[in-house]
Amino acid sequence: MLLEAKNVSKAFGSFEAVSGADLAVDEGEIIGLIGPNGAGKSTFFNCLAGDTLPTTGRIVFNGADVTRASPEAHARAGIGRTFQVPATFDDMTVIDNVMVGAFLRHLHRNDARDHARRIVDLTGLRPDQPARSLGTPGRKRLEIARVLATDPRLLLLDESLAGLTPTELRDAIALVRRIHEMGVTIVIVEHIMEVIMTLTKRVLVFNQGRVIASGTFEAVVKDEAVIEAYLGRGARRPPPYPPPQAGEGSSIFPPPHAGEG
Amino acid sequence: MKKILSPWGLLAAGLLLYPIIFSDPFYRDIGAAFLLAAVSASAWNIVGGYAGQVSVGHSMFFGLGAYMPLLFYTLWGWSPIAGIPAGILLSIALALVIGMPTFRLRGHYFSMATIAVAELIRIFFGTWNLVGAAIGLQGPATARAWWDLTFRSELPYYYIFLAVLGILLYVTFAIEHRRFGFYLRAIKASERAARSLGVPVRQTKMKALALSAAFTSAAGSLYAIKTGFIDPDSGFGILVSVQMVIVAALGGAGTLFGPLVGALILVPLQTAANTWFGGGGSGLTFILYGGVIVLIARFEPGGLFELWHRLAPRRWRRARAA
């Protein structure tokens, strides 16, 4: 097992954002974390990335306890992450941004530059373009490139594919697939169900700080607790979920009237 | 040949030839003041410009560097040169002590903490008899030998300052192109993102502060040796810190030659204001600094260097189209 989070909780004062969450990730998996807004996904995600210290629980990565380790130590251990709002280094070019990541395992400038160039080529960005001039899709790609340059074993993607057009989304999904084929294990937080459905084999559903369901995408969307979390108490069980076309809607369930009549 | 004719080759040649072309002591003095301002601002630039940690208390290092040579001379009659490394070592030690708590703070809080520490040291030195309290210290009135660094002419000072500036620019250039420089710029843009990529943020900031403190201290030593006098206000006063920030910000904080450009504009302007208004214009420096802050903040936060970068390509494009 590559990553194991056991009974992870995080409280902010009296508010418990994450409550006793468990997650086990095997090497080579792609796992999706979904749930309504404010469900605790991002807080749990930040605990995994070392950005937030859990109140209780234990996180073990590759056999080592990383529960209280700093974000830098997480990166060194092989856990990379992206941010919900891209945090690119805007005064630097694309290649310089990626070199910051590459320097983690390539101490000399020329080595780091060569490594960064290979990664930039993979993501289809222009190396000498100033990061400031990139649009949202470019910045998200740059974030992925930058973290890839740290040679992570586990990649945590925090809504990295949100806000993209259908074409950009298809390209981004293909990029994540390529990264996965390179042997990187991926945990992805995403609201776009097309992404979750296309990429992941296993999904964890969060609601009110707890993991309320886990399993394949097809299984969790039929789960009563998940239906209640998304549609409210007393909602009718939706019909079997029809896979949407690329770029179609981002809701987990079709509208209530779909399939009726 | 091409290298010599590059803008920077011409700048180096200009700086080397300036005191020979302008042999009047008044102009040589302006030249030395320009170099000293450029050294101080370039030293500040390492931590304030590249790493984005805006210290407004760098006078604490400048003051320590300024006091040590004259203290060594006053206490033991040693050459002021002996005080320079002592000032540098003390400044590095102070940087490490100050950096540990203040680097937990970010943005304005860090700036305010540095002002507070510099002011505390200024007040402390103003009441400490060993360092001359409010009166301050004096250097050798007449030189016993060359190593007293007490020259009648401005020329030796000018070239000593120029050599230190050359070393500092070389160090900064080397930093820019190494991992350390990439890390500093990443920290400036987003500490959180930098940490997520494995950048040891605290350690990198401490290193930058220590290096910056060392060169700022050297600038202070040069100032005191040339002036032959130091007191708490001219060493640790807030104007000393503010000048470093303004000079770097005006030219372009976080750029290699930004502080030089800033000093090239601000120092002659200050000298002109002092010459025109004499003693009656003693508060004018504050007005000048305030005006520069407003102009930079309102029109060009990246400084003149960024303005040039933004406008130059457009001009080139136009020229090519024609």
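**View 1. Chain A holds nine helices and 10 strands.** Helices here are DSSP runs of H or I with at least four residues, strands are E runs of at least two, and both are numbered from the N terminus. This is a predicted model, where local features need pLDDT of at least 70, side-chain atom pairs count only at pLDDT 80 or more, and totals for chains, interfaces and linings use all residues. Residues are numbered from 1 along each chain as its sequence is written, while chains are lettered from A and ligands numbered from 1 in the order in which they are written.

**View 2. Of the 261 residues in chain A, 47% are buried.** Buried means that 20 or more other C-beta atoms, placed from the backbone, lie within 10 Å of the residue's own. Take contacts in chain A between residues at least 6 apart in sequence: 62% of them join residues at least 24 apart. A contact needs two C-beta atoms, placed from the backbone, within 7 Å.

**View 3. Four strands of chain A form an open sheet with antiparallel pairing, in the order β2-β1-β4-β5.** Because β2 (15–25) and β5 (64–65) of chain A stand at the edges with a single partner strand each, one side of each has no neighbour in the sheet. Strands pair if DSSP finds at least two bridges between them; β4 (residues 56–61) of chain A and β5(A) have two, in the antiparallel sense. Look for A:F61, which sits opposite A:A64 in β5(A).

**View 4. Chain A meets chain B through 23 residues from chain A and 18 residues from chain B.** On the chain A side, α2 (71–77), α3 (94–102) and α5 (136–148) are the elements giving two or more residues.

Notes. Buried ≥ 20, exposed ≤ 12 C-beta atoms within 10 Å, placed from the backbone.
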